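Q: Hi! Could you walk me through this one in plain words?

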Amino acid sequence: MKIAVLSGKGGAGKTLVSVNLAAVAKTSAYIDCDVEEPNGHLFFKPVGIQEEKISVRIPKVDVKLCNGCRKCVEFCNFNALAYIKNNLIIFDDVCHSCGGCILVCPEKALTEEPKVIGKVQRGVSDKIMVSTGILNTGEATGIPIINKLLSEEKPQRNQLTFIDCPPGSACIVMESIKDADYCVLVAEPTLFGVHNLNMIYELVNLFNKPFGVILNKCLKEKNLAENFCIEKNIKIIGRIPFDNELGTLNSNAEIASNKNEKYRELFSSLLDSVIKEVPHETTTNT
Amino acid sequence: MKIAIPVDEKALESNVCVSFGRTPYFLIYDVETKESTFIDNTAAASTGGAGIKAAQIIVDNKADVLLTPRLGENAADVLEPADIKIFKSIAGTAKENINAYINGKLSLLDEIHSGFHGHGGN
């Protein structure tokens, strides 16, 4: 069972929620798809780390075969190629590895060569399998890394897998949630939080995913994200209070539910609510 | 000799556009014939790599000199092998910048930024 945890912005609590849900689930897998700034490993401190480099394929020109027709230059949506003074110039860091330039080249002057864009690390923390995707700074997209992280994930019937998504609702988030069985949306109680919640609410609807919301940083005052959920008839899985002690533990890269019984109870009850939702949603949707 | 300038409007009195890659138009000014040609910058709507495509347009229009307030490194990597000289434009209209260049008042652009790639800039 794959549960993706996402939010429309950074700092809403994706890692807090996914790390602590994985921790209270005990035997679980945690996959950090926030490849531009992965930080779940700071909490789990996994051991026995195995590392694998991830490459994409970028075009390479054979100058003897290139006749300067520029079909590749015109084809590329990202403008990764330019033709200057009888020379084809390729911009690796702009290339999205679609391979289109190679297909359109009538002279077969373009071939592909691998280029390392980042890595995947796998380790263990107690009984939790921890996988982390790391994208090198300046690369065009982390999608190949996320793809690798999720495709290697062997589904075991009763194992819970928590996918810590990148912030926002762009392509890398879509890649992270596309095989998820359930999506947990983490929201802040502010107007800004509602705007960001709405972004991912639209995304999970577009993907037709069952989902629910965890309201984070709840105060006594009225909660705009909660109002949004009531208005849109969205399932509220649970609430995490705005709590100094929790914030401090989390800032010190401690897994709060392992440190304090009250947080263990909080996240255990959130996990129970999520698990109750998943089969329920699956049966109603199929 | 041809001078290229990113401009906000199709007029010699237009201001120089703050963006090279995503300027709406380029002015190509022929110093000998005093002829002005305005071309649409088809790179402006690019998903990415606008600077590269815009630089390709400058090269294809056979400009010798580019006057621009700033330039990204990918665009510079296209213009340099084409031997296009890059000068830093000053506040004012395209026409004022052309005159300043002809009178030797402009200096070479020595700050090439590493590109914004969708992350703003200032």
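**Loops and the chain contact**

A: Happy to. A:N79 sits in the loop between α3 (71-75) and β4 (81-84) of chain A; helices (H or I, at least four residues) and strands (E, at least two) are DSSP runs, numbered from the N terminus. This is a predicted model: local features need pLDDT of at least 70, side-chain atom pairs count only at pLDDT 80 or more, and totals for chains, interfaces and linings use all residues. Residues are numbered from 1 along each chain as its sequence is written, while chains are lettered from A and ligands numbered from 1 in the order in which they are written.

Q: What is the phi of A:N79 near?
A: Phi of A:N79 is near 55°, a positive value in a residue other than glycine. Most residues other than glycine have a negative phi.

Q: Is A:N79 buried or exposed?
A: A:N79 counts as buried because it has 25 C-beta neighbours inside 10 Å. Buried takes 20 or more other C-beta atoms within 10 Å, exposed 12 or fewer, and partly exposed is in between, with C-beta atoms placed from the backbone.

Q: OK, and where is B:K34 found?
A: B:K34 is in the loop between β2 (25-30) and β3 (35-40) of chain B. Its phi is near 60°, again positive in a residue other than glycine. B:K34 is exposed, with 8 other C-beta atoms within 10 Å.
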